[in-house]
Amino acid sequence: MRKIILLVTILSVTLSNSQAFIGSGDNKIQLGANLQNNATGITISYDFGLGENMSVGVSSSYALGLNDDISASFGDRFDVKGRFNANLGNVVNVDENFDIYPGLNLSLKNFGGHLGMRYFFTNGFGVFTEFNVPFAKYNTGVLDAGEKLHNQFTLNLGASFNL
């Protein structure tokens, strides 16, 4: 019985000290899967807190698994984005461990937006999900399937870490 009480106490203290976004100076890195039509890949992003509810960062994705009928060069598979987030976790006030962050991004392929959510289980570890959509594509012609990679609706999900 003592072991169970000790375990519950340690977990509750660990969970209560985590926070999803602390504001100015906050550093987050996220690593996960990138899911989109005709491809799956990996994504990594870094966000730095500028103020109570603002952060800027950079993210990159690379499409690893393509459908068999798609031919894509490295330039089609790779994308890098500069991003701006409005961190609204303390505004929505669901839980101090939860953050929701809509934002804008400027990439090698388009100008777009994203809606992300993350939840931290401990002070250093959490999970995230992001929905990305292009608003304006640089190549406005007819795109083949390889050129549509990272230039369409994408879903990212994975792990988030405090630095």
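**Close-up views of a predicted eight-stranded barrel**

**View 1. The buried residue D47.** D47 has a relative accessible area of 2% and is therefore buried (buried means under 20% relative accessible area, exposed over 50%, and partly exposed in between, with a 1.4 Å probe and protein chains only). This residue is found in strand β2. The model is predicted, so local features need pLDDT of at least 70 and side-chain atom pairs count only at pLDDT 80 or more, while totals for chains, interfaces and linings use all residues. Residues are numbered from 1 along each chain as its sequence is written, and side-chain values use heavy atoms, with hydrogens and water left out.

**View 2. The overall fold.** The protein contains 3 helices and 8 strands (DSSP runs numbered from the N terminus, helices being H or I of at least four residues and strands E of at least two). Along the sequence these elements follow the pattern α-β-β-β-α-β-α-β-β-β-β. The 8 strands close into a barrel in the order β1-β2-β3-β4-β5-β6-β7-β8, with antiparallel pairing (two strands pair if DSSP finds at least two bridges between them). On average, neighbouring strands of this sheet are turned by 25° against each other, direction ignored (axes are lines fitted to C-alpha atoms, for helices over the stretch in contact, and angles run from 0 to 180 degrees between N-to-C directions). Of the 163 residues of the protein, 40% count as buried.

**View 3. Strand β1 and its two partners.** Strand β1 (residues 27-36) runs antiparallel to strand β2 (residues 39-49), and 10 bridges join the two. Within this pairing, N34 stands opposite G41 of β2. The hairpin of β1 and β2 has 2 residues between the strands, and N38 takes a positive phi near 75° there. Strand β1 is also joined by 9 bridges to strand β8 (residues 154-162), again in antiparallel fashion. In β8, F161 is the bridge partner of I29, and T154 stands opposite Q36.

View 4. Side chains of opposite charge can pair when their charged atoms come close. The count for the protein comes to 5 salt bridges (a side-chain nitrogen of Lys or Arg within 4 Å of a carboxyl oxygen of Asp or Glu). One of them joins the side chains of D47 and R83 at 3.0 Å, N to O. Because D47 lies in strand β2 and R83 in strand β4 (residues 78-86), this pair ties together parts that are 36 residues apart in sequence. R83 also meets E130 in a salt bridge of 2.8 Å, N to O. That pair links distant parts of the chain, with E130 in strand β7 and R83 in strand β4, 47 residues apart. Both E130 and R83 are buried. R118 forms a salt bridge with D99, their closest N and O atoms being 3.6 Å apart. R118 lies in strand β6 and D99 in strand β5, so the pair ties together parts that are 19 residues apart in sequence. R118 and D99 are both buried. Salt bridges that share partners join D47, R83, D99, R118 and E130 into one network.

**View 5. A nonpolar surface patch.** L104, L106, F111, L115, F131, V133, F135, Y138 and F153 make a nonpolar surface patch of about 850 Å² (patches consist of residues with over 30% relative accessible area and no salt bridge, like charges being joined within 9 Å and nonpolar side chains, namely Val, Leu, Ile, Met, Phe, Trp and Tyr, within 5 Å; accessible areas come from the Shrake-Rupley method with a 1.4 Å probe, and for residues only the protein chains shown count as cover). The elements giving two or more residues to the patch are β5 (98-107), β6 (110-120) and β7 (125-137). Strand β7 gives the most, with 3 residues. F153 is placed in the loop between β7 and β8.
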